[in-house]
Amino acid sequence: FSGEIVPEEARVVLWPGVCKNLRALPEEHEARTYLLVRGFDPDLIGGRYRVAYCKESHYFLARDRIIIPVFEGDNLRGWQARYIGELPWHDRNKRKELPPKYYSCPNSQFRSKCIYNWDCMKEWQTGVIVEGPTDAWRFGPMSGCIFGNTMTEVQKRKVFDMFRHRTLVLLLDPEEFKKPSTQRAIAYFQRRMSGSFCAVKLPVGTDPGSLGRPFLRAYVKDKAKDQGVRVVYRKVVA
């Protein structure tokens with residue numbers, strides 16, 4: 001039997017099961033409460049990012065989780081199912097006994113080919129690359145995430161092609177900056193966007209998701225200025 005190879009852009013990705021937008025959940029629902037405790041507005045997150053809660057799914061690790069969809073235009077390219085709550089995932093001795101923090105859509109290449117919040121991010125004069133979806137929620141609409149600490153060649157080219165004549169900031173967690181994958185990404189953009197790209201390192205012990213938006217934006221703008229890069233939080237004029 002010879003099957004037809006379907007290109008990535010033609011593949012149909014479905015939601016993991018029975019999902020309800022955060023805005024449609026009861027006020028006291030655990031998903032809404034969790035986000036409120038973390039300083040996020042569930043109605044805004046549900047509306048702007050189409051985030052939902054999965055009630056039923058044949059994927060065990062998607063059930064009873066927050067579903068973060070990854071769209072390009074109106075096309076669903078993938079999703080991540082986020083555990084509701086906080087567990088000691090940073091403790092290597094305990095991590096193997098814990099459920100995963102995120103469960104990603106099977107048979108999808110969104111983590112290597114997509115930038116989360118891309119449709120919105122690309123409208124801004126300065127783009128800010130962060131690690132995870134909640135970091136993008138915290139920083140705002142000019143930011144997009146790469147689903148981890150490694151930026152693929154596809155993601156690099158995609159961002160460079162869009163921001164080559166604007167400015168770009170790489171804002172990952174402090175402990176990631178010395179890693180080879182981060183240094184490769186920094187070198188890639190420095191070679192191609194000298195004077196319009198910079199990598200900003202947050203204070204040790206913090207990450208974008210743990211800090212307030214006003215501090216984050218001011219900090220990035222100041223640190224970028226120190227490197228000769230002008231950060232502009234405005235949309236591109238058509």
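**Charges and rings**

The charged end of R82 is placed over the ring of Y102, 5.8 Å from the ring centre. By "over" I mean that NZ of Lys or CZ of Arg is within 6 Å of the ring centre and within 35 degrees of the ring normal. R138 lies over the face of F40, 4.1 Å from the ring centre.

A note on the source: this is a predicted model, where local features need pLDDT of at least 70, side-chain atom pairs count only at pLDDT 80 or more, and totals for chains, interfaces and linings use all residues. Residues are numbered from 1 along each chain as its sequence is written, and side-chain values use heavy atoms, leaving out hydrogens and water.

Now the aromatic pairs. Rings of Phe, Tyr and Trp (its six-membered ring) pair if their centres lie within 6.5 Å; planes under 30 degrees apart count as stacked, over 60 as edge-to-face and the rest as tilted. The whole structure has 15 such pairs. In one of them, the ring centres of F110 and F147 are 5.0 Å apart and the planes are at 90°, so this pair is edge-to-face. Y116 and F147 also form an edge-to-face pair, because their centres are 6.4 Å apart and their planes at 70°.

Which residues do ring pairs link into a cluster? They are F40, Y49, F110, Y116, W137 and F147.

Are F110 and F147 buried or exposed? Both are buried, where buried means under 20% relative accessible area, exposed over 50%, and partly exposed in between (1.4 Å probe, protein chains only). Y116 has 3% relative accessibility, so Y116 counts as buried.
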